[in-house]
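This report goes through a predicted model, taking the sheet, the helices and a few individual residues in turn. Please keep the sequence and the 3D view open while reading.

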Amino acid sequence: MAEHRHIILASGSSARRALLNGAGLTFDVIPAEIDEDAVKSALLSVDPLLTPARLAEELAGEKARSVARQHPGKLVIGA
């Protein structure tokens, strides 16, 4: 039998919530409290040629890590 883990969506986006609902998942929404502009600036200062796709991946990861630190053992999705 598959193990069911508690899922947290680390985004307040209604579109992402709709995607997870459409997939039939049960989850909580806990938006990450990060300064996205500061994260973007820091990333671009290290790599000014960072692509928009890679920047989005890094921001999603930072959101997930931020919420995961507060909720150890939970499956956190950043988007």
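## Sheet and helices

Strand β1 (residues 7-9) pairs with β2 in the parallel sense, over three bridges. Two strands count as paired if DSSP finds at least two bridges between them. Helices (H or I, at least four residues) and strands (E, at least two) are DSSP runs, numbered from the N terminus. Within this pairing, I8 stands opposite D28 in β2.

The model is predicted, so local features need pLDDT of at least 70 and side-chain atom pairs count only at pLDDT 80 or more, while totals for chains, interfaces and linings use all residues. Residues are numbered from 1 along each chain as its sequence is written, and side-chain values use heavy atoms, with hydrogens and water left out.

The open sheet has three strands in the order β2-β1-β3, with parallel pairing. Because β2 (27-29) and β3 (75-77) stand at the edges with a single partner strand each, one side of each is left without a neighbour in the sheet. From one strand to the next, the twist averages 25 degrees. In general, strands of a sheet pair through backbone hydrogen bonds, either parallel or antiparallel.

Helix α1 (residues 14-22) packs on this sheet and touches β1, β2 and β3. The direction of α1 makes about 175 degrees with that of β2. Contact here means heavy atoms within 4.5 Å. Axes are lines fitted to C-alpha atoms, for helices over the stretch in contact, and angles run from 0 to 180 degrees between N-to-C directions.

The protein has three helices and three strands, and from the N terminus on its elements run β-α-β-α-α-β. Along its principal axes, the C-alpha trace spans about 45 × 25 × 25 Å. Among contacts between residues at least 6 apart in sequence, 43% join residues at least 24 apart.

## The α2 and α3 pair

Two packed helices are described by the angle between their axes and the distance between the axes. For helix α2 (residues 36-46) and helix α3 (residues 52-70), the axes come within 10 Å and cross at roughly 125 degrees. That angle makes α2 oblique to α3. On this scale, angles under 35 degrees count as roughly parallel, over 145 as roughly antiparallel, 65 to 115 as roughly perpendicular and the rest as oblique.

The crossing of α2 and α3 is right-handed. A crossing has that hand if the near helix is turned clockwise from the far one by less than a right angle, and is left-handed if anticlockwise.

On the α2 side the contact is made by E36, V39, K40 and L43, and on the α3 side by L55, E58, L59, E62 and K63. By class, this contact has four nonpolar, no polar and five charged residues. Ala, Val, Leu, Ile, Met, Phe, Trp, Tyr, Cys and Pro count as nonpolar, Asp, Glu, Lys and Arg as charged, and the others, Gly among them, as polar.

## Individual residues

Of the 79 residues of the protein, 25% count as buried. Buried means under 20% relative accessible area, exposed over 50%, and partly exposed in between (1.4 Å probe, protein chains only).

| Residue | Relative accessible area | Class |
|---|---|---|
| A10 | 1% | buried |
| S66 | 10% | buried |
| K63 | 12% | buried |
| S45 | 58% | exposed |
| L19 | 63% | exposed |

A10 is in the loop between β1 and α1. Not counting residues up to four places away in sequence, A10 touches I30, P31, A32, K63, A64, V67, V76, I77 and G78. A10 and D28 are 18 residues apart along the chain, and their C-alpha atoms are separated by 8.7 Å.

K63 belongs to helix α3. Leaving out residues up to four places away in sequence, K63 touches A10, A32, I34, E36 and A79. S66 also lies in helix α3. Apart from its neighbours within four places in sequence, S66 is in contact with A32, E33 and I34.

S45 and H71 are 26 residues apart in sequence and 30 Å apart in space, C-alpha to C-alpha. L19 is placed in helix α1. The C-alpha atoms of L19 and V39, 20 residues apart along the chain, are separated by 25 Å.
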